[in-house]
Amino acid sequence: MSLAKYEAFLRIVDTGSLSAAAAALGYTQSAVSHMLLSLEKELGLRLITRNRAGVHLTDAGERLLPVMRTLLSDHEQLRQTVAALHGLDAGTVRIGAFTSVAVHWLPGIIKSFQQEYPHIEFKLMNGDYYDVENWLYGHEVDLGFVRMPFDGAYLCTPLVEDRLLAILPRGHRLAREKRFPIRQAAHEPFISLPESSAQDIRMALEAAGVKPNIKFYTRDDYAIIAMVANGLGMSIVPELLLTGRSGGLAVRELDIPGSRTIGLAMRAMDNVGPATVKFADHVCAWIHAHVKNPLCGETFRRPAAE
């Protein structure tokens, strides 16, 4: 059994094409195609079909995909544990994060971590809340930055309470207010993320009894900021997202405060390797040192029995 074939299969599925998988793995497209054919011959099953729209899993591929993810995850855990027993720090940490964390926290966290553990590598996946949850459930990442509360089957620790703030075009009539009257979101053109990315904003609006006057949807957090700055409407966004990007905006607290709790979720300790555990501890230490009013301690919170 060749794990390289399994990795190639997963990369084809995740990237949606043989050429993208080859680029990610550093192989030629013909080599990846050969690995896929070899794996299908080894298993005696067709795993993928291809057409102009891209690659598609067969029924057999659908059933085997989660098993292969678990297999490679277990192998990575084994590799990290063996390295730790030899007194080495090695392995790959797979992280899922939403945009504001990926842009404003992760570069600094990873940079400081690599100063101490230069041989540990990273696989970063950036999406919205829904994406990160699915990556955790599908074992595509070992830990993820999540909106709390999160699934109790995972080890979770809160990191910070992140305020929700109103953003308006500079010069807007409501920018004269010290706090944005949230009920005005029912009357102003509102720019929104899709529902899967906007639970916190939606909950704050619902708590105030407000149905926003949504004129635009976009999946891109920073597109919202640009659209507001250009006078196309207003929005409500987490404070972390605005770090260094408030030019052209009037930023106001809400008259009925709202917030989101950012947390870190990790698979059970016996399902991740030592490098992943060390990184989780480092995240907590970095947040404790760099973020005002952190909710976490300097290490990842373990279950009481550990």
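Mentor: Let us start with Met 227, which is found in helix α9, residues 221-229, and keep in mind throughout that this is a predicted model.

Trainee: Is Met 227 buried or exposed?

Mentor: Met 227 counts as buried, because its relative accessibility is 19% and the cut-off for buried is under 20%. As for its place in the fold, the C-alpha atoms of Met 227 and Gln 114 are separated by 37 Å, the two residues being 113 residues apart along the chain.

Trainee: Which class does Asp 74 fall into, by relative accessible area?

Mentor: Asp 74, which is found in helix α4, is partly exposed, with a relative accessible area of 36%. Its C-alpha atom and that of His 34, 40 residues away along the chain, are separated by 25 Å.

Trainee: How many helices and strands does the protein chain have, and what are the spans of its C-alpha trace along the principal axes?

Mentor: The protein chain has 10 helices and 12 strands, and its C-alpha trace spans about 70 × 50 × 30 Å along the principal axes. Of its 306 residues, 48% count as buried.

Trainee: How should I read a single helix?

Mentor: The general idea is that an α-helix has 3.6 residues a turn, so residues three or four places apart point the same way. In this structure, helix α10 covers residues 274-290, which is 17 residues, and reaches 24 Å from its first C-alpha to its last, close to the 24 Å expected at 1.5 Å a residue.

Trainee: What describes a pair of aromatic rings?

Mentor: Such a pair is described by the distance of the centres and the angle of the planes. The structure holds 9 aromatic pairs. In one of them the ring centres of Phe 98 and Tyr 129 are 5.0 Å apart and the planes stand at 85°, so this pair is edge-to-face. The pair links distant parts of the chain, with Phe 98 in strand β3 and Tyr 129 in helix α7, residues 129-137, at a separation of 31 residues, and both Phe 98 and Tyr 129 are buried.

Trainee: How does the pair of Phe 113 and Phe 279 read by the distance of its centres and the angle of its planes?

Mentor: The rings of Phe 113 and Phe 279 have centres 5.2 Å apart and planes at 90°, so they too form an edge-to-face pair. Phe 113 lies in helix α6, residues 106-116, and Phe 279 in helix α10, so the pair ties together parts that are 166 residues apart in sequence. Phe 113 is buried, with a relative accessible area of 0%, and Phe 279 is buried with a relative accessible area of 0%. Phe 113 and Phe 279 also belong, with Tyr 117 and Phe 122, to one aromatic cluster.

Trainee: Where does the charged end of Arg 245 sit?

Mentor: The charged end of Arg 245 sits over the ring of Tyr 222, 4.0 Å from the ring centre.

Trainee: What should I look for in the backbone?

Mentor: Most residues other than glycine have a negative phi, and most peptide bonds are trans. Here a cis peptide bond, with omega about 5°, joins Met 148 and Pro 149, and Pro 149 is found in the loop between β5 and β6. His 139, in the loop between α7 and β5, has a positive phi, near 60°, and is partly exposed at a relative accessible area of 22%. Asn 293, in the segment after α10, has a positive phi near 55° and counts as exposed at 60% relative accessibility.

Notes
Residues are numbered from 1 along each chain as its sequence is written. This is a predicted model: local features need pLDDT of at least 70, side-chain atom pairs count only at pLDDT 80 or more; totals for chains, interfaces and linings use all residues. Side-chain values use heavy atoms; hydrogens and water are left out. Helices (H or I, at least four residues) and strands (E, at least two) are DSSP runs, numbered from the N terminus. The expected span of a helix is 1.5 Å times one less than its number of residues. Rings of Phe, Tyr and Trp (its six-membered ring) pair if their centres lie within 6.5 Å; planes under 30 degrees apart count as stacked, over 60 as edge-to-face and the rest as tilted. Buried means under 20% relative accessible area, exposed over 50%, partly exposed in between (1.4 Å probe, protein chains only). A charge sits over a ring if NZ of Lys or CZ of Arg is within 6 Å of the ring centre and within 35 degrees of the ring normal.
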